[in-house]
Each structure stands twice: as C-alpha cells, then as structure tokens.
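Subject: Structure for your review

Dear colleague,

Please find below the structure that I am handing over to you. My notes on what was found in it follow directly after.

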Amino acid sequence: MLNCSNPKVEFVIDLNYLITHTLVYAGRHDFSSKKFNNDIESFQNYAWSKSKVFYDFLAGRPIPGDLNNKNLSTLAKGLQKYLEIIKKSKEYGKILLQTQNYLKFCKTQWENNFQRTSKIIKDLTGFKFKNERFIIYVTHPSLRNGVSLGGNKIAFGNTEDWRNYSTVYLWHEILHSKIPFDGYASIGHAIIDLVADEELRISLNGGYYPPFIGNPDYSKLKKQILPYWKKYLVSDKKDILKFYRHCKKNLKIR
C-alpha cells in the first residue's frame, strides 16, 4: 500500500503531442539514440508528404502571413484533419508502438523503485507531497525530452543511458515543482541535480561523485555548493528549501 503522502504518478501518451514532439525534435536532430532512426525518418517524410504547410507549422516554422487572424482560422480547421490522417498511417503506428512500449518500461521501473526512492527523496528534502498527482507525458525514447511543464505536468522521453535512469530523472522533474527555478544554470537547478542526478543515482546504482553527471553547465555550481551539501547530508533534520536559501545567501549567485 502506497503511503498517502507519496506523489501519485500517471503515465500517459498525448497523441497530438507525440506527433509534434517527434517532428520538432527529430528535425533538430536531438536524438538520444539511433535505434529507431529509420522509423523516425520515415515518419517525418510521410508527414512532410501530406502537407509541408502543416508540417512546418507544427515544427514551429510558420511562413510569413500564417499567423494573421484569417490564416490562423484556416490553419486550425485543416490542422485537425492533418493530424487525423497522420495517426492512421503505418509510419505513425510504429512510432506510437515504440512509445507505448517505452511507457510500460518507465512505469514498471518507477513502480519497482518507488517505495525506496520516495523515502530517499523525502529524507533528502523534507518534502511532504500530501497526495500530489503528477502526469507524465511520455514521448519517443529516441528523442530527448525532460521538462516540467508546470501544474505538476511533465514531458519525458530518453534512452535509458544507465541503470534506473528514468526513475532518477522523473524525480528530477518532480523536484522542479517543489524547488524554485531561478534561471538557467541556477542554484535551484544545481540543488535538484545534487538531490536526484547525484545522490539518488548513487543510492540506487552505487558509485560516487564528483565527477558529476548531467549537464556540464551545472558542474561549476555544484562544485561551489558541494561543501555546503556535504554538511547538509549529515544534518539531523533536512529542509531543502532552507538549504536553497542558505546557498542563495552565501554563494551570491542568481
């Protein structure tokens, strides 16, 4: 029986978001794996063949004039038909099946690790989730995705780069709902890295840090925070928000 103070996590696939994310991030060559590259490329080519206009619009490349009121109305009417055509294609069917299998993998790993990791996170942060609910919008595993969308909604997809990767980074995104985000390469983000990417990871997989994993943009900050962090880890009562404020005050970094 799950403790009622634990967060509840629901894994879902939003079909239209899956289409859009796959077209946008494959277009940027933001691959986390080459495993399904041929299928993704075939899907891109099919979507392009059905409408260059709608493909570019979904990919964030509207042409001049598309965004005036008259053309927006026309685009809105045609876009739904375009999406429905794509969903019926065998090319999209492969992308959807691969994503559905990935969702099952993420959900199973999360549930298998949940009792242990929820205790680790609570012990590290002092957070009481009070039955909070998070929705995970799963996207294709070969395309990088990991972002807190606000309102306890998270978009997630990536190759399993190492053991328990999905569990660690789902907790990472959940923590974004609890710890202030104060800009790119910020103290708040660096602390989330220390809690999830570093401490939770080695609790599950073993090892040590530094060296740090993840975005190298945060390595300098994490190194600066590390002396405070080591003291925090051996403290009797942990309050990660108090620790965050302490770092903000003493490191003088925004």
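I begin with Arg133, which counts as partly exposed because its relative accessibility is 47%. Please bear in mind throughout that this is a predicted model. The side chain of Arg133 forms a salt bridge with that of Glu10, with 2.3 Å from N to O. This pair links distant parts of the chain, since Arg133 lies in strand S2 and Glu10 in strand S1 (residues 8–12), 123 residues apart. Glu10 is likewise partly exposed, at 33% relative accessibility.

Salt bridges elsewhere

The count of salt bridges comes to 11. Another of them joins Lys222 and Asp193, at 3.3 Å from N to O. Here too the pair links distant parts of the chain: Lys222 is in helix H8, Asp193 is in helix H7, and 29 residues separate them. Are these two residues buried or exposed? Lys222 has 0% relative accessibility and therefore counts as buried. Asp193 has 1% and so counts as buried as well. Through salt bridges with shared partners, Asp193, Glu198, Arg201 and Lys222 are joined into one network.

A further salt bridge is made by the side chains of Glu91 and Lys90, with 3.2 Å from N to O. Glu91 counts as buried because its relative accessibility is 16%, whereas Lys90 counts as exposed at 65%.

Helix H8 also holds Lys223. Lys223 is exposed, with a relative accessible area of 63%. The C-alpha atoms of Lys223 and Ala190 are 9.5 Å apart, and the two residues are 33 positions apart in sequence.

The chain as a whole

The chain contains nine helices and four strands. Read from the N terminus, its elements follow the order β-α-α-α-α-α-β-β-β-α-α-α-α. Its C-alpha trace spans about 60 × 40 × 35 Å along the principal axes. Of its 254 residues, 48% count as buried. Among contacts with a separation of 6 or more, 69% are between residues 24 or more positions apart. The accessible surface is about 13500 Å², and carbon and sulfur atoms account for 54% of it.

Charges

There are 40 positive and 23 negative side chains, and the centres of the two sets are 4 Å apart. Which residues form a positive surface patch? They are Lys128, Lys130, Lys237, Lys242 and Arg245. Of these, Arg245 belongs to helix H9 (residues 240–251).

Backbone details

Most residues other than glycine have a negative phi, and most peptide bonds are trans. Some places in this chain deserve attention for that reason.

Asn131 has a positive phi, near 65 degrees. Asn131 sits in the loop between helix H5 (90–125) and strand S2 (133–138), and this residue is partly exposed, with a relative accessible area of 39%. Asn152 also has a positive phi, near 60 degrees. Asn152 is in the loop between strand S3 (145–150) and strand S4 (153–157), and its relative accessibility of 21% makes it partly exposed.

The peptide bond from Tyr209 to Pro210 is cis, with omega near -10 degrees. The bond that runs from Pro210 to Pro211 is cis too, with omega near 10 degrees. Pro210 lies in the loop between helix H7 (187–205) and helix H8 (219–233), and Pro211 is found in the loop between H7 and H8.

Yours sincerely

Note on methods
Residues are numbered from 1 along each chain as its sequence is written. This is a predicted model: local features need pLDDT of at least 70, side-chain atom pairs count only at pLDDT 80 or more; totals for chains, interfaces and linings use all residues. Side-chain values use heavy atoms; hydrogens and water are left out. Patches are made of residues with over 30% relative accessible area and no salt bridge: like charges are joined within 9 Å, nonpolar side chains (Val, Leu, Ile, Met, Phe, Trp, Tyr) within 5 Å. Accessible areas come from the Shrake-Rupley method with a 1.4 Å probe; for residues, only the protein chains shown count as cover. A salt bridge is a side-chain nitrogen of Lys or Arg within 4 Å of a carboxyl oxygen of Asp or Glu. Lys and Arg count as positive and Asp and Glu as negative; His and the chain ends are not counted. The place of a charge is taken as NZ of Lys, CZ of Arg, CG of Asp or CD of Glu. Helices (H or I, at least four residues) and strands (E, at least two) are DSSP runs, numbered from the N terminus. Buried means under 20% relative accessible area, exposed over 50%, partly exposed in between (1.4 Å probe, protein chains only). Contact means heavy atoms within 4.5 Å.
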